[in-house]
Amino acid sequence: MLMQRKDRSKEQQEEESKYSYGEILKRFHSEYIAPRMLEFYTIQMMHVICAVLVLVPPIILRNIIDDAIAVGDMNRLWVLVGWAVFVFAADAILRGIKTYWGHQVAQVIVRDMRNRLYQKYQSLSMSFHDNQKTGELMARVVDDLNMLQEFVHHGPEGVIGSVVTVVGTIAVMISMSPRLTLLSLVFVPFLALIGYFLLQKMHTAFRRTRRRIAAVSDRLEDNLSGMKVIKVFANEDFESGRFGERNQQHVDARLTAIRWMSMLFPISRILNAVGILTVLAYGGWLAMHDVLTVGVLVAFNQYLLQFRAPLLRLIRVNEQLGMFFASTERFYDHCDRRPRITVVEDPEIEPIRRGEVRFEDVHFSYADEKVLNGVSFETESEKSIALVGPSGAGKTTVVRLIPRLYDVESGRVLVHGKDVREWDQDALRQTIAMVMQDDYLFSDSIAENIAYGRPDASFEQIVEAAKDANAHEFITQMPDGYDTTVGQRGLKLSGGQRQRVSIARAFLKDPDILILDEATSSVDLETEKLIQDAIDRVTKGRTTFMIAHRLATIVDANEILFIEDGQVQERGTHAELISSDSKYRDFYKMQFEVRDAEAFQDGISS
């Protein structure tokens, strides 16, 4: 019920459009059409020419009947047939050219839009990504822009070609018989009113449809990534139900849009059929009374038959137009997001890499949840700092503020002697490396994952980093060695192997500041020893921040900060804290009192 209320609230917010149709069209034209003005409008001119060519065959047919067949003039007949062949050939050639060229321009436009949206996602701060679903973002990058791509070519083609055909047909029909033309157009205003009404309804329906398919993608991506957990907990039926529910919601939204569309075609067919039959009846009476010729009546009927197609195509453009507005609106909604992390006008791009870190009365919250409440400390270069405390105390938040993944609410974080807000983000992060508890590996080879922090590294340097991380042995035992693909999120590797690849990646980057967030958790003791040995090598000569679940791995740190309730409650070396009546001492004792009581007593006596 809570999830349903959240979904409904989100739908209500998103259905309130931020942009008018005019704003969307004007902005899209200035940003994506104007730079390709020559190509785009040449294609539109070809649409016009093709639409005009469609008007010619009925005129030729009228002349064949009235000017050639009626008087038995074979020469005139062959000339008119020759002109008809030329018109059909020219139309076919032009359509082939504009189809390819039009799709090419549309592909380039959507390519640029997709690149822009992806770059925007990279520029937005972690607070944005914390509140977004991966499936929804993927839908905006892939599905929405695929829809938009179709409209960029077929939308103008449908509008321009249809308008020229309809207007041209009406003009020619008026020149042939004003009375018949007036009679045949009686039903057009009704179709126009229906089309306008359905445009509004379908725009809302298609916006909801795009949101629902994004929810399906998000559920699918989440479930496929967590398939092991689903199976372990025997929740296949539960997840099938949840996916089926999301899928059905998408179907319901899509059917709502189709329901509005389905009302259009029966009405249009009936109105058009009545118009044609009425014109044939009245035109036949006029032909029998020699008011017009048989050739004119046949040509008029041809125009009426082809008049219906562009008219229905214009109405059908309503669907494409609704999808275009919905997709473009969603595109600009995210493109207009401003990163919470901003860069000063003249940022520092060449840091003096001293490895010093200082927190000055730092306060930080995730949304409305206060996490850090006046954290202050400083570290010297090339020292190791361990962060200890209960879950949720704010340890991970502290280390995330160092590379400026988030911005503080108040206070300052200084790295290399300067506020992180004064650094160029790339320059700052080039001096920092992180190894996290469940570090992310890309679906590439082991070598590519190790070289991720330094793409220009040679293979020899990659191997050297793997050796330092105690990863070379298990890598060379794999079928493809360093070319072995690790699978989605590195699932082909064990937890310890993933950690050692991550450590090798950090080692290769050669940072001044190294952050280890639970780097040895969830592994067996033998693997922990290998990882700890690698950590001992990678931390030499670097300022190191360590968050560790197993306190035995941080006893040699130069300083330990005990963090609780968003504050640094205690600080000192392991020996200093363990020999005093400290919270760290209680924490340490609680972890080791059963299996390591003797070591605890030795620690006190020392």
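The charged end of Arg542 is positioned over the ring of Phe507, at 5.6 Å from the ring centre; a charge sits over a ring if NZ of Lys or CZ of Arg is within 6 Å of the ring centre and within 35 degrees of the ring normal. The model is predicted, and local features need pLDDT of at least 70, side-chain atom pairs count only at pLDDT 80 or more, and totals for chains, interfaces and linings use all residues. Residues are numbered from 1 along each chain as its sequence is written, and side-chain values use heavy atoms, with hydrogens and water left out.

Rings of Phe, Tyr and Trp (its six-membered ring) pair if their centres lie within 6.5 Å, with planes under 30 degrees apart counted as stacked, over 60 as edge-to-face and the rest as tilted. One of these pairs joins Phe40 and Tyr41 in an edge-to-face arrangement, 5.2 Å centre to centre with 90° between the planes. Phe40 is buried at a relative accessible area of 11%, whereas Tyr41 is partly exposed at 36%; buried means under 20% relative accessible area, exposed over 50%, and partly exposed in between (1.4 Å probe, protein chains only). Trp83 and Phe86 form an edge-to-face pair, 5.9 Å centre to centre and with 90° between the planes. Both residues belong to helix α4 (residues 74–123), where they are three residues apart, about one turn of the helix. Helices (H or I, at least four residues) and strands (E, at least two) are DSSP runs, numbered from the N terminus. Phe86 is exposed, with a relative accessible area of 51%. Elsewhere, ring pairs link Phe28, Tyr32, Phe151, Phe324, Phe325, Phe331 and Tyr332 into a cluster.

Strand pairing was then examined; two strands pair if DSSP finds at least two bridges between them. An open sheet of four strands has the order β2-β1-β4-β5 and antiparallel pairing. The edges are taken by β2 and β5 (418–419), each with a single partner strand, so one side of each lacks a neighbour in the sheet. Strand β1 (residues 357–366) runs antiparallel to β2 and is joined to β2 by eight bridges, with Val375 in β2 as the bridge partner of Val362.

Strand β9 (residues 559–564) is mostly covered, five of its six residues being buried. With strand β3 (residues 384–388), β9 pairs in the parallel sense over four bridges, and Val388 stands opposite Phe562 in β9. With strand β10 (residues 567–572), β9 runs antiparallel and is joined by five bridges; here Leu561 stands opposite Arg571 in β10. The strands β9 and β10 form a hairpin with two residues between them.

Positive phi values were also identified. Most residues other than glycine have a negative phi. Asp565, in the turn of the β9–β10 hairpin, has a positive phi of about 55° and counts as exposed at 63% relative accessibility. Glu382, which is not a glycine, has a positive phi of about 65° and lies in the loop between β2 (369–379) and β3. Within α15 (residues 459–468), Ile462, Val463, Ala465, Ala466 and Asp468 are buried.
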